[in-house]
Structure formats: C-alpha cells, structure tokens
Amino acid sequence: MNGLHGIIFSYEQEPGLRELVEHRMPASVPFGGRYRVVDFMLSNLHAAGITDVGVVLHGNYQSLLDHLGNGKTWDMARKYGGLRLLPPFADNRTYRGGVFRGKLEALAGVRSYLEDIRQDHVVLSDSDLIINLPLADVLSAHLERGADITAVCTASGAFVDNATYFTLAPDGSITQVWCAPTAPRGHRSLELYVLSRELLLSLVDECAAQEKYSFRRDVLAGMCGKLRLQSYVWDGYAAQLRSVREYYERSMELLRPSIRAELFAPARPILAKEDDEASSYLAPGSHVKNSLIADGCTIEGSVENCILFPGVTVERGVELRDAILFKGTRVRDGVTLRHVITDKYVEVLPGRTLIGHESYPIVVSKGSIV
Amino acid sequence: MKKECIAMLLAGGQGSRLYVLTENMAKPAVPFGGKFRIIDFPLSNCANSGIDTIGVLTQYRPLELNRYIGNGQPWDLDRADGGVHILPPYQSAGGATWFKGTANAIYQNIGFVDMYEPDYVLILSGDHIYKMDYAALLAHHKHTHADCTIAVMEVPWDEASRFGIMNVDSEDTITEFEEKPKEPKSNLASMGIYIFTWKKLREYLIADEKDPASSNDFGKNIIPAMLGAGEKLSAYRFEGYWKDVGTLDSLWDANMDMLAQGSGLNLLDKDWPIYARVESEPPAYLDETAEVAHSVITRGTVVEGGVHNSVLSQCCTVAEGAQVEYSILMPGAVVERGAKVSYAILGERARVGENARVGASPEDTPPEDWGITVVGPEAEVKAGHVLGADRMLNREGKETVR
C-alpha cells in the first residue's frame, strides 16, 4: 500500500473570483477547456497511486458534489477507503455555524476520520491549485530529509492574494513564514503540505485545546523553530486561482505548447468526468487560430486566442478574441467578444459586443442572456 | 432476475472487407466518426432505449473489443443486475466449437438468455451506424402480436438487389423474404435488427441446430423456416440514417456523412447521445498556422497544417505544412511536416512521414485506378514515400492494391 493519504480543503470562498463562484466553490470552477479546478489535485493524487482521499467541504458545495460523484473518474470508488466527502457536521463546538476559520478547525471537525487514516503520511492541499506535481517525489524528499512538515512552494515572484511566503535557508529548510504579506516575500507556498498522520493528529489536538485554528499562522509560523520545516521547490507551472485576473492570465498561458506539455504530461494524465460530447465541427468559412477547442462545439465564425469548453456554439459572423467560453455557451450571429469569460449556458444574442480588458476581463454569469 | 427484453449483439465478425483495418481487431471495435467506435451505436441505442442487459458475442480477435467494453460503464451498462456481458465461444462436454453462423452463436448461448427469462430477445449486429429507439420496435412487436419483427427501411429501387428484401402485405406482415433478389418486388430492406419472442426463437434455434444442411444463419435459415411454418413476421419501418459500414468505401462514406448537412447523421444531437470510452485528454489545439474547415476534430488533437473535409479522431497530429483533405484520421494518427493525405483512411497510430504523399484526388487519377487509400493501424509511410490511390499499407510495411 502507498503511504500517502490525501486531504483536500474546499471550504474557503474566494471573492476575487467574482461571478465564477456565484454558484459554486472555487474547487468546481471550470478550467482548461474541460476540467474543474479540483480535477488537477485529484489527478495528482491518482498519479501517485493514492486511493484514499478526504474532501473537507463547507459552503455552496452542490456543484462540487455533482462533479465528484463517487470518485470513479479518479479510480477512487473503492471498496475500502476511496474518496470520502466530509461535509460540516452539525457540531457547534467546532464550527459555530459559520465558515471554518482555518485548516486546523476544519480538521478538528473531522477528527474521527483522521484517526481512521490507514496511511502513515498525509498530504494536505487547497482546492484552488492547478498543478501537475509528482507527489511521490515530494514524499521521498520528505522522508529523505527527515522533515516534520514539507511545504511545496514556488520561486515564481507573481503576487497572489492572501498567499503564504517562506524565507528559505540554503539547505532548503524554512526559516521564516509570512502570512498574507502585501508584497511577495521569497518563495510562495502552494499550500500543499506533507506530514505524518501522528504529527497531524497531535497538532489538531494541541491547537484545538489552545483555541488555535490557522495552520500557517499557528503551526508554520508559530512553531517554525520547534518543527523541522522543509521546502520542496516546484519550478514548473502552478496556478493558485484567487482572482479573475489570475484565472484569466493562467488560462491563457495554456495556449503555449510548453505549458500544456507540462500540465498535461502524458505520464501523469489529468482525469476529468466524461462529457459525452461528440467531436467538434468546424464549418466551411470558419477561422480558428491559437485556440483550445473541447468536444461538442460547432464553429462557424472566427476564433482567435480562445478556450472553448464542450458544447459551445459560435455562429456565423462572430468574432471571438482572447475569450474563454464555458460549457454550452451560445454566441449568435455577428457577436464580437474580447477579453470575456462566459460561464455555463450563457447566450449572447445577435449583434452584441462585449469588450473587456486583460486587466479586467468581463465575466458573464451562468445562464445569463446578453 | 427476469427481464422483459434483453439484447444479443453479434460482434464476432472479422470484417474481412475492411482489410488492413481489421487485421488485428474485430470490426465493431473499428473507430468511427471521430470519437466513437462502431459498437458504440448499438450499445448507446440500448442504453437510450432502456435495455440494460446485453450479451456481446465475440469471436474474431476479441482483445481490443473486450478491453473497450470493459465493465460497460461509459454506456451506463455497469449494472448490479444485468449489464453488458462478453460471451466468447466456450468449450462444452461435447468439445469446443466456433460460432458456425449468427443463429448458432445465439444457440450456443441459450443458457445465458434463459438466465434472464426474457419474453423477447433483440438481435443486433455490430457493423451499422444508426440511432434507433428499440423501445418503439418492441412496442410494435407486442402490438402486432408477431413472433418476429424485422426492422426494415426503404432503399432506392436500383440498390434493392444488394439487400435482403421483405415483401409485405397491407399491414406490413412479411409474406416473403428474398436474399439479394435479381428482380426485387419491394424496396424494403432488412436492417439486420430483429426482435423475437424468445420462446419461439428458442424452438427454431434448437430445430435449426439439428439440421446438418443448415448454415445456422438468421437470414438464410431461421427467418425462412419461420415464414415457411406460418409464424407471424412483421416489418417495422425505420426512417432515419442507417449505414452498413462493412466495406472501406462505406466506412469512408459514413464518416463523410458527418460533414454533410443533409445526410441525417447528426452526432452532436443531444436528444439521443452516443456514448464512448475515451481517454481523458486536453481539448484539441489549433495553432497560428492551422487552417481547418468543414471538418471534425476531437480532443487531444493538435493541428498546425491544413485540414479540409476530414474527420480527425482524438490525439491526431497534423504538423506544419501538412495537408489533409477528404480523409479519416483514426485515433493517434500522425501526419508529419509537408506530407499530403487525400481521400485516405489512416488507421490508429498510423504515421505519414515528412513530405510523403498518401492517396490522390479522383480529379487527378484515371477512374479505373482511383480508390480510397488505406494506411493500416500502426503502419508507417516513410518520409518522402508515395502511397498512391487505391492502395493499402499494413503495419509490416506490406503494400497492396485493394
């Protein structure tokens, strides 16, 4: 049996994602032409041979439940273990009827689940992370260095809202932790941590007894001298989706072959629920350049630098530039869209023009008619 | 547990007229229409018609087919009771025999059918492209109190002599069956889709097996025997798209029908979805230099060159400067830089090397020399090589004229 157990946190809302999270949690936001954000972490876990995964839920998780099902997409529909959904239990002591204030509070609420974990090590992850990471290597590095906690981080200087940053010593150990600074400071945490089940349980108990709830503030920053904190620096593609702008820029990067080769590495495929759409049809006179086209689309117009999810219809005379169209979007005759993201089943009526800017892409809410 | 109606899908055919495409797989496993395989059509029709128990009779090179069907999950046929079952020929106390004919294949699996105690059995074949509601066919069968109902469709009179033709009375009761008649009296062609009342069929299968002269075939033996004995056989008229894709030409034609608006074959229609088992791949990518028009593309495909009037399955590559026209690229086919592919079928993972030429347009070729060119699965056309019209290449590099 593989020695890793996965826990994915899906309780934090990301107001920066605006309309994209009106009807769903960040974990189930569509990304990359046919995926949901959580597909990436679940596929990372699957590729590392991990079959036991808990998803800690809170908030508007209906869409996420539909997507996860019994986990068979990631081969996690198992007789023992497999994918376990952990909704908030009606227990006022631990969650007070409000949103979890931090990971430790969320974990305290599912303590009995943690006790039953069959593996020696646990990987904790947020559900807004897009990455294709060899988790088995992270565990090896963790064991090799005798770390208490290994944190995956990136040297990328990009600033992300509400991020955690680390100052690293030359040997890779973490010497200082910065929670939500106003400017980047050193390596940015990808909020992906590996630690032993024993340590996790003792941290949950210790913090619950002391009214502490934040993993990064109370454990990483608070115990930085006491625990051996190691970094695992990932220099490949990684996106933490916390604002529409971040979402848009990171999506558009997928049009670069080198980024796709990294994120969709054949050795570690990204698995998504089957959409049951037929192949896409590009009509005579259509014009499609530098774009990702999922299945089930019908294209008669002109499409450049776009990402089309399954079942999108682009009628004649349409000019789509730098746009992201979610599943079932229908763009009628003669429409012009630039720097626009349309959510699922949006219809843009004939002749309309919507022009955003890369610094502020227009997002059209799910099911709207423009 | 008892089921009202179960389906038996005849999927053992070699499909020898598909030549290199079926050297290593059974015909029903041959890719079709970008994302699908031929067998997806009867399986999806069953799923959409509420038939949840299917026996798939395999014989010729079943490996690919078995792997593809698996537990039946893509077609929602992974059921606790019923579901899809692969039925290979098996050894009995009296020795092992291959399926001698279509009727013998069902005869050998009477035990399987009996397990579900069905009132009716639907017999399907794995080489047709069509969307049909079998529930309507069953309702017709029950309504007419027939012993056997045969799905038929009107074909052009000048083509009728290529089909099994049903002559019917005013109530569409079948009075006569003629296999490929020289002078057809009707243009109602059998589609090879039958519903039998199981009790009746069971009797006729056992009787047919005892006749050493019989070729144990539904069309040749069972149907004529039932007609001769005065059983009630009814014709069910089907309107809509239907094509037998048993030959390279008809397979190419049916794929091209996806592009023709008036053909009646609309796979993007959401009301009657066709399901498939497909790997999870990122969306197709068309780069700055791609020129794609009047074509079908599927996930995982990357196009840098020109693609016109063609069907591209998943994970195909058309490199920069390559041209593909009037062709079918099966999953994983690769056309390298500067190569040109016209009026051709490229099998799974076939590769056309740089600047190679495959196939030719009928305008550039004398009619007697022209035909669809076929590169078999895993076959490679070497860089700069010319594989002319009407030729075939297999994975061992053997080139033949069709």
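Seven salt bridges link chain B and chain A in this predicted model. One of them joins B:Arg299 to A:Asp275. The closest N and O atoms of that pair are 3.2 Å apart.

The size of an interface is often given as the accessible area lost when the parts come together. Here chain B and chain A bury about 2700 Å² between them. Carbon and sulfur atoms give 49% of that area. Three residues stand out on chain B: B:Leu268, B:Pro283 and B:Tyr285 supply 23% of the area that chain B buries against chain A, more than any other three residues.

The strands concerned are β16 (residues 291-293) of chain A and β16(B), which pair in the antiparallel sense over three bridges.

Now look within chain B. An open sheet of six strands runs in the order β17-β20-β23-β26-β29-β32, with parallel pairing. β17 and β32 (386-387) of chain B stand at the edges, each with a single partner strand, so one side of each has no neighbour in the sheet. Inside the order, strand β26 (residues 340-342) of chain B pairs with strand β29 (residues 357-358) of chain B over two parallel bridges. There, B:Lys340 has B:Arg357 as its bridge partner.

Turn to chain A. Its domain assignment gives domain 1 (4-263) and domain 2 (281-364). Their centres, taken over C-alpha atoms, are 33 Å apart. In the contact, 20 residues of domain 1 of chain A meet 23 residues of domain 2 of chain A. The two domains bury about 1800 Å² between them, 68% of it on carbon and sulfur atoms. In domain 1 of chain A, A:Gly33, A:Tyr248 and A:Leu255 lose the most area to domain 2, together 34% of what that side buries.

How many salt bridges lie between these domains? The count is one. The side chains of A:Arg24 and A:Asp343 meet in a salt bridge, at 2.7 Å from N to O.

Conventions:
Residues numbered from 1 in each chain as written. Chains lettered and ligands numbered in written order. Predicted model: local features only at pLDDT ≥ 70, side-chain atom pairs only at ≥ 80, totals over all residues. Heavy atoms only, no water. Buried area = accessible area lost by both parts, 1.4 Å probe. Salt bridge = Lys/Arg side-chain N within 4 Å of Asp/Glu carboxyl O. Pairing = 2+ DSSP bridges. Helix = DSSP H or I, 4+ residues; strand = E, 2+ residues; numbered from the N terminus. Domains from an automatic or database assignment. Contact = heavy atoms within 4.5 Å.
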